[in-house]
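Me: Can we go through this model together? I'd like to take the salt bridges, then the sheet and the helices.

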Amino acid sequence: MTHAPPPGPWRTTWGRLGLLLAGLAVGALTFLVALQVRPGPGGGPTTLAPSGPAAAASPSPDATTATPEPTVTAESAPPPPLAGLTVAVDPGHNGGNGANPLTVNAPVDDGRGGSKACNTVGASTDAGYPEHAFTWDVSGRLAARLTELGAVVVLTRSDDAGVGPCVDARGRFPQENDADVLVSVHANGTEDRSANGFFAIVSDPPVHDAQGEPSVALARELVSALGEAGFAPSSSVAGDDGPIQRRDDLATLNHAERPAVVLELGEMRNAGEAAVMASEDGRQRYADALAAGLVAWAADRAPDDR
């Protein structure tokens, strides 16, 4: 029987070294496994997401890519419909006219070689609501709406407690203030209580070119907008253009060198229309309708006229 020689010192040393290296390898493997897999919220494995440049280039297959919404900037937004337009709004009459008869009755140039009274007191409802207050309120609401739509607005008077201005000054106002158009706001005072409805007035025959077709086109748009807003056209004024009256005796229109229209928005002595005029809702409806008419008129103008 042959016996193996007893282990020498070299075998003992190498055996211990081998065991040490094996232990280190097992530890490293365990560490790497623990690094890649850890318990998830439900106890199952959760794989760590890769990091670094490779991760940025390789999104998860479950990821959803959101499409960015288009950004609207001030440069890309369309301009408001009345941008670049200056509108002269003329609230008819004035609150101090009645107390100053000498001033308002003084004669002024009517624009056709004759004369007219500087101004008048205006009409009123049977309940005492005056035309000057109605036109002032509607004009203020109209100015606010036109400003929202991008227009610059200039008013022929600054309050409802003064006198005038005279009718000739009102007519010169748009060109003196570099306005593109003049809208003069009034209400009629026919003695016949059954008369009703709105109408527009243009200067005829024209003294200036702007008083011809440009003013008629403006009147048509304003009349159309009032009708679309539910207001009734005049029962006593009618022609080929509907409720558009042509006159040569209104100094405000005769002096205007811009498209200009006087609007009689209704009959103050008609009970039904008086009730609308006396209400805030009614006055806002009038203002919104006039603004819509101006938007339509501006849209139809030639680019060189804007």
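Reply: A salt bridge here is a side-chain nitrogen of Lys or Arg within 4 Å of a carboxyl oxygen of Asp or Glu. This is a predicted model, so local features need pLDDT of at least 70 and side-chain atom pairs count only at pLDDT 80 or more, while totals for chains, interfaces and linings use all residues. Residues are numbered from 1 along each chain as its sequence is written, and side-chain values use heavy atoms, with hydrogens and water left out.

Me: How many salt bridges does the structure hold?
Reply: The structure holds 15 salt bridges. One of them joins the side chains of Arg-170 and Asp-90, at 2.6 Å from N to O.

Me: Where in the chain are Arg-170 and Asp-90?
Reply: Arg-170 is in helix α5 and Asp-90 in strand β3, 80 residues apart, and the pair links distant parts of the chain. Helices (H or I, at least four residues) and strands (E, at least two) are DSSP runs, numbered from the N terminus.

Me: Is Arg-170 buried or exposed?
Reply: Arg-170 has 2% relative accessibility and therefore counts as buried. Asp-90 is buried too, with a relative accessible area of 0%. The cut-offs are under 20% relative accessible area for buried, over 50% for exposed and partly exposed in between (1.4 Å probe, protein chains only).

Me: Which residues are linked in a network of salt bridges?
Reply: Asp-126, Glu-191, Arg-193 and Arg-269. Within that group, the side chains of Arg-269 and Glu-191 meet at 3.9 Å, N to O. Arg-269 sits in the loop between β10 and α8, and Glu-191 in the loop between β7 and β8, 78 residues apart. Arg-269 is buried at 17% relative accessibility, whereas Glu-191 is exposed at 55%.

Me: And what does Arg-220 form a salt bridge with?
Reply: With Glu-213, the closest N and O atoms being 2.9 Å apart. Arg-220 is partly exposed at 36% relative accessible area, and Glu-213 is partly exposed at 48%.

Me: On to the sheet. What order do the strands have?
Reply: The order is β6-β3-β7-β10-β8-β9, in an open sheet of six strands with mixed pairing. At the edges are β6 (152–155) and β9 (244–247), each pairing on one side only. Two strands pair if DSSP finds at least two bridges between them.

Me: In what sense do β8 and β10 pair?
Reply: Antiparallel, over three bridges, with β8 covering residues 199–203 and β10 residues 260–267. Ala-200 has Leu-263 in β10 as its bridge partner.

Me: Which strands does helix α6 touch?
Reply: Helix α6 (residues 213–228) packs on the sheet and touches β7, β8, β9 and β10, its direction making about 25 degrees with that of β10. Contact means heavy atoms within 4.5 Å. Axes are lines fitted to C-alpha atoms, for helices over the stretch in contact, and angles run from 0 to 180 degrees between N-to-C directions.

Me: What about α5, which strands does it lie across?
Reply: Helix α5 (residues 167–176) lies across β3 (86–91), β6 and β7 (181–188), and runs at about 165 degrees to β3.

Me: Last one. At what angle do the axes of α8 and α9 cross?
Reply: Roughly 85 degrees, with the axes of α8 (residues 271–278) and α9 (residues 280–300) coming within 4 Å. The two helices are therefore roughly perpendicular to each other, a term for angles of 65 to 115 degrees. On the α8 side the contact is made by Val-276, Met-277 and Ala-278, and on the α9 side by Glu-280, Gly-282, Arg-283, Arg-285 and Tyr-286.

Terms used
Parallel < 35°, antiparallel > 145°, perpendicular 65-115°, else oblique.
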